[in-house]
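Hi everyone, thanks for coming. I'd like to walk you through one structure today, with a stop at one of its helices.

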Amino acid sequence: MKRHRNLYEKIYDMDNLRQAYRRARRHKGKKFYVVEFEEHLEENLMQLQKELREETWQPLAYKVFTTFDPKQRVIHAPRFRDRIVQHALVSVIEPIYYPIFIHDSYASLKDKGTHIAVNRLTSFLRRHEEPVYVLKCDVRKFFDSIDHGILISILRKKIGDERVIGMCQKILACGGITRGVTLGNYTSQWFANIYLNELDYFLKHELKVKEFIRYMDDVVVLSESKIRLHQVKQHIDAFLKTLKLELHPRKQEIFPAQVGIDFLGYVTWHDHRKLRKRNVWRFIRRLRGFEESSDSEAHITGSIMSWKGYAQHADAFGLNRKLTKEHPILEVAS
């Protein structure tokens, strides 16, 4: 396996830092911390470059806050200068890892995503004339459970520059965190994908599983044999233990595909697809809130357009017509 060396200089190359800055500010140009950084842009980028070149860069303390959509999550947001560094790092390691990820890994990767993953699931289902069964499972507290030592050993398989490894260790340990990767770091999605790429290779090359999809820690496997799926689940459970992970005890099931596969916001059959019911009810509650609130038209329009973008990937014409009749505010974004 080829190990890549002499990577560190590419990270602090000024062209790379400028591109990283532009990516980090995307959709955040009016934020006060971006405006503040841009007041002395070249000076700040040169200071970052100096710290990286001399290996004195240290990530600053996170800004910690909690979100509640759709469930409670604690977010550790890095400072803007550190987000630039993370983008600079990823721009160097992405060309190494992207080509070795399997085709059916879909989370946080360019030209992938939920809709491509659900379309792939539909194509798998349409291959079968016989009844087909589904193993659906996910990893318990995945992001919080990633072992730093194991992750670093996985990174060393492909990265032979210890200065890059040291940068990764600094990012992982920021805030005194000794286990897990923080929601909010740009690097976290990449570290998580690299970590579970080990599972992908195990399923594909060791177990010879042909029809499976992974979206971060959510896994779906198809087979015409229910017995085979029980065996696969046991193997997954055992392999995850080598990564110091475990399957979520309440989120692992084997069932016939004909009842519909609830995956990534949709319920999918071989010939049609519906929206997940709880997502529909959540949107209806949001509509009712819009009708009673003084939210800006831009905010309402953005929310409705987001819904329509989601709904267009399912058989939801009748549902949208019914919602529009009951909630005329939907016409605002038509």
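Predicted model: local features only at pLDDT ≥ 70, side-chain atom pairs only at ≥ 80, totals over all residues.

Residues are numbered from 1 along each chain as its sequence is written, and side-chain values use heavy atoms, with hydrogens and water left out.

The protein has 14 helices and nine strands, taken as DSSP runs (helices H or I, at least four residues; strands E, at least two) numbered from the N terminus. Of its 334 residues, 47% are buried, meaning under 20% relative accessible area with a 1.4 Å probe, protein chains only, while exposed means over 50% and partly exposed lies in between.

Now, α11. This helix runs over residues 226-242 and spans 25 Å from first C-alpha to last, close to the 24 Å expected at 1.5 Å a residue; that expectation is 1.5 Å times one less than the number of residues.

Which residues of α11 are buried? They are L229, V232, I236, F239 and L240. Viewed down the axis of α11, these buried residues fall within an arc of 100°, so they line one face; the arc uses directions from the helix axis to the C-beta atoms. On the other side, I227, Q234, K241 and T242 are exposed.

Cover for the buried residues of α11 includes β3, α10, β5 and β6, counting contacts as heavy atoms within 4.5 Å. Finally, just after α11, K244 takes a positive phi of about 60°.
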